Amino acid sequence: MNENSLFSSYLHKFTLILLCVFMDYYNKYMYNMPKHCADKLICSGIQIMAAVQIGINKEETIDAKHEKHQMEKKQKKLKRKAETGTSSSDSSKSGKESPDEKDEGEKKKKKKKKLKKSKQPLTDENYPRLQSTENNLQKPIKIADLQELLFWCLADGQAPPWVLVRNKQHIRRAVVLLVPGLEPSQFGFKPVKGDKRSFLLPSLLKDACPSELSDFDDIFKQAWPTRSPGDRYRVFSPVNAFLQSVLSNEQKKKRDREMKSMSKSSKPEDYLMSYESFIEDEYPLHPTINLDSEPVELPDGWVASNADFHQRPQNTIIIAMDCEMVKTESGSEIARVTLVDMKNEVLYDELVKPDFAITDYVTQFSGITEEKLAPVTTRLEDVHTYLQKTIDNNVVLLGHSLNSDLGCLRFVHPHIIDTANIYNHTRGPPSKPSLKWLASKWLHKEIQKVGALGHDSAEDATTCIELLKLKLKNGPGFGLFNQDFESIFHRLSRQQPTPLIGAVADYGNPEACIGKAAHKNVSCSNDDEIISAAVTLSDMHNFVWARLREVEQVARWNVNRGNQKQNDSTDSDTSAGEQDNDEVNLSQAFVHLNRRIRLLYDSLPTGTLFMIYTGTGNPIEMSRLNGIRQNFRKEYQTKKWDELSVHWTDEENVKLINSVESTRNGLSFFTIK
C-alpha cells in the first residue's frame with residue numbers, strides 16, 4: 001500500500017468515527033433539531049464514506065497492478081540471467097558477448113598492448129627514464145622506498161610518489177650496489193636537528209661531489225638523502241632493509257592457511273638442524289658434513305661423535321645438553337657439563353677442571369666458585385671419553401644455542417635440535433629468543449632467577465626437554481610468530497607470466513645467509529671481483545645485488561662496531577678483511593670506486609635500473625658509545641657503583657641518541673642505463 005491509499009484509509013476511519021459520534025448525538029438530542037436537517041447531515045456523511053471507499057478501492061487496484069508488474073519484471077530478469085549463464089558457450093557463435101567476457105577481452109587487449117609496447121625498438125621517445133618529483137616529499141626517502149622503486153620497475157609494486165618512471169615496460173633488469181663508507185657531508189648535505197628540509201631534497205652532483213667521484217655526476221646527476229631503519233639506540237641492517245620484502249595480504253592469507261594445515265603431531269627428526277642452519281648459526285661442523293666437497297678437518301684437541309650427518313637416526317634418543325663456562329688465560333673453558341634424558345633424569349653432571357689458570361669464575365652466570373672447583377679432578381679429556389662412548393648416530397643432542405657450548409666443549413655432532421631455532425623471537429629472524437623468555441612464555445615458569453647463584457645447567461637442560469615435548473605435542477606451527485616479511489628473491493620469483501630471477505655477489509659465503517633464496521651466489525674476496533661478478537650476472541639475471549667494501553674498510557667503519565653485529569647477523573663475512581688496504585687512503589679509495597662504477601655502468605645492458613645506496617652514515621661514534629653502554633650495563637649487574645670502570649649518565653645517553661639519528665642518514669643514487 002502506497003502513501004495515498006494509506007491516507008485514504010485513515011480518512012475513511014476518521015469519517016466513520018465522526019458519523020458514529022453524530023448518530024449518538026442525534027439519538028440523544030434529536031428533539032432539538034429539525035428532522036430535515038438531521039436527514040440531510042446523515043446523507044452527507046454516508047456520501048463522504050462512499051466516496052472515500054471508492055478512492056480506497058481504486059488505490060488497491062493500482063497497488064495490485066504495480067505489484068504484478070514488478071513481479072513480471074523480476075521473472076523476466078531471472079529468465080534472462082539464466083539464459084545468459086546457460087548460453088555463454090554459444091554467445092561467440094551468435095556474435096554477442098556477456099559482460100564477463102567483455103571484461104576478460106579488455107584485460108587481454110591491455111596485456112597485448114603492453115607486450116607490444118615492450119617489444120618496440122628503443123628510441124628517444126620511448127626510452128625509459130626517471131623524472132624526480134621531489135616537491136611531493138614530506139620526509140626523506142627510506143631504503144624501503146628504494147625497494148618499492150625496484151618493484152615498480154620490474155614487478156608488481158606501487159608507483160612511488162617521489163619519482164616518475166617513464167616507459168617502464170622497457171626496463172629489463174636492475175643492479176643494486178650497497179657501498180658503505182660514503183657520507184652525506186661529502187656531497188654537500190648538512191643535516192640540522194629539527195630542520196627536516198636540511199636533509200630532504202636531492203642535490204645536484206655537479207654542485208657538490210668529491211672530485212675523485214667525477215663519473216657519479218655523469219651517471220646519476222643527483223644524490224638523494226636516504227634514511228636507514230632503526231630505533232633510539234640502534235641502526236638496523238641496511239642489507240635486510242633492502243633484501244627483505246613485506247608480504248602482500250594474499251601471501252599472508254596463504255601463509256595462515258599453510259599454518260592451519262600443518263600436522264598437529266610431529267617427531268623429533270622433523271626439527272633436526274639443516275646444513276644451512278649449521279653454517280648460519282656458526283656451529284662447529286662434524287667431519288661428515290662436507291663443505292664445498294672438501295672434508296672438514298677438526299683442530300687439535302677436538303673430538304667427533306661416531307655419527308654421520310647423511311644418515312638419519314633410526315631409534316632416536318634425545319639427550320639435552322647444557323654447559324657452564326669460566327674465563328681463563330686461554331679464553332672461555334668448560335667448568336660443568338650436564339646431560340638430561342627425555343624423562344628429565346640427569347644422565348651426566350660433572351664439574352670440569354680447566355686446563356689454564358682461571359681469571360674470572362663468572363659466578364653470577366655460571367654458578368661456579370673457587371670452592372666448588374678446588375677438589376675437582378675431572379678434565380676435558382674425561383668428558384670427551386664419556387661423550388664418544390654415549391653419543392652415536394641414534395642420539396640427537398638438544399639444547400639452546402648449543403654452538404657456544406660445543407665450541408668450548410671442543411666436541412662436534414651432526415644431529416642437533418636447537419630450541420632457539422624451533423621457537424621464534426617476537427621480532428622474528430635474525431633475533432633469537434632467550435631460554436629464560438621461552439620458559440616464561442610457553443612453560444609459565446621462571447628460570448635463571450635474579451639473585452640466584454648463577455645458572456643451573458641441569459635446570460636449563462630440563463627446560464629444553466619440556467620445550468621440545470610441547471613442540472611435539474602441538475606441531476610445527478607452535479611457538480612461531482607470523483612473520484610479515486619474505487626474501488626479495490622469493491617475491492620476484494612469483495611474478496607472472498615470467499618469474500624473475502636474482503643473484504648476489506658478496507664477500508664470504510652469501511649462499512649461507514643473505515643469498516639463500518637467490519638463483520645464483522658468487523663469493524668474492526675484493527671489490528674488483530665483485531664488479532666482475534656483477535657484470536656477468538647482469539646478463540643472465542633480472543636482479544643483481546652486490547656490496548663493495550673497500551671504502552668502508554679504508555674509512556674504518558667496520559672496526560670496533562660494538563653491538564652493530566646483532567642487527568646485521570644475516571650479513572656474510574662482515575669483516576671484509578681479505579683486502580689489504582693499509583696503504584690506501586680515502587682519496588685513493590674514491591678513485592678506485594669511481595673507476596669500478598664507470599666500468600660496471602658501461603657494461604650493463606640497455607634498459608637496466610642501476611642503483612647505489614650507502615646504507616648508513618658514519619657509525620663510528622655510535623658504535624663507540626654503544627660499546628660503553630654495553631660495558632656499563634654488564635658491570636652494573638655484578639659490581640658496586642664505586643667499582644665500575646665505566647659510567648653511563650644522561651649526558652652520554654643523549655649523545656648516543658643523537659649519534660644514532662645521525663648514523664641513520666645515508667645516500668642513494670639511481671639512474672636507467
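**Entry: helix H12**

I looked up what the buried residues of H12 pack against, and found strand S8 (303–304), strand S9 (317–328), strand S10 (331–341), strand S11 (346–351), helix H13 (402–409) and strand S14 (411–412), where contact means heavy atoms within 4.5 Å. Helices (H or I, at least four residues) and strands (E, at least two) are DSSP runs, numbered from the N terminus. The model is predicted, so I keep in mind that local features need pLDDT of at least 70 and side-chain atom pairs pLDDT 80 or more, while totals for chains, interfaces and linings use all residues. Residues are numbered from 1 along each chain as its sequence is written, and side-chain values use heavy atoms, with hydrogens and water left out.

In H12 (residues 380–390) I noted Leu-380, Val-383, His-384 and Leu-387 as buried, that is, under 20% relative accessible area, with exposed set at over 50% and partly exposed in between (1.4 Å probe, protein chains only). Seen down the axis of H12, these buried residues fall within an arc of 100 degrees, so they line one face of the helix; the arc is that of the directions from the helix axis to the C-beta atoms.

**Entry: helices H21 and H22**

I then took the pair H21 (residues 620–636) and H22 (residues 650–663), whose axes come within 9 Å and cross at roughly 145 degrees. The axes are lines fitted to C-alpha atoms, for helices over the stretch in contact, and angles run from 0 to 180 degrees between N-to-C directions. On the H21 side the contact is made by Glu-621, Met-622, Leu-625, Asn-626 and Arg-629, and on the H22 side by Lys-655, Leu-656, Ser-659, Val-660 and Thr-663.

**Entry: cysteines**

My search of the whole structure for disulfides (a pair of cysteine sulfur atoms within 2.5 Å) returned zero. For Cys-408, which is in no disulfide, the nearest cysteine sulfur is that of Cys-323, 8.2 Å away. I recorded Cys-408 as buried at a relative accessible area of 18%, and Cys-524 as buried at 6%.

**Entry: two residues in helices**

Ala-420 sits in helix H14 (residues 419–422) and counts as buried at 5% relative accessibility. Leaving aside residues up to four places away in sequence, I found that Ala-420 touches His-400, Ser-401, Lys-432 and Pro-433. Its C-alpha atom is separated by 8.3 Å from that of Gly-399, 21 residues apart along the chain.

Lys-473, in helix H16 (residues 457–474), counts as exposed at 65% relative accessibility. I noted that the C-alpha atoms of Lys-473 and Lys-267 are separated by 9.2 Å, although the two residues are 206 apart along the chain.

**Entry: backbone in loops**

I checked the peptide bond joining Gln-496 and Pro-497 and found it cis, with omega about 5 degrees; Pro-497 lies in the loop between helix H17 (488–493) and strand S17 (502–507). Val-362, a residue other than glycine, has a positive phi near 45 degrees. It is found in the loop between strand S12 (358–360) and helix H10 (363–366), and is buried at 14% relative accessibility. Arg-556 also is not a glycine and has a positive phi of about 60 degrees, and its place is the loop between helix H19 (550–554) and helix H20 (586–603).

**Entry: totals**

Finally I noted 22 helices and 21 strands in the protein, with buried residues making up 44% of the 673 residues. Of the contacts with a separation of 6 or more, 71% are between residues 24 or more positions apart.
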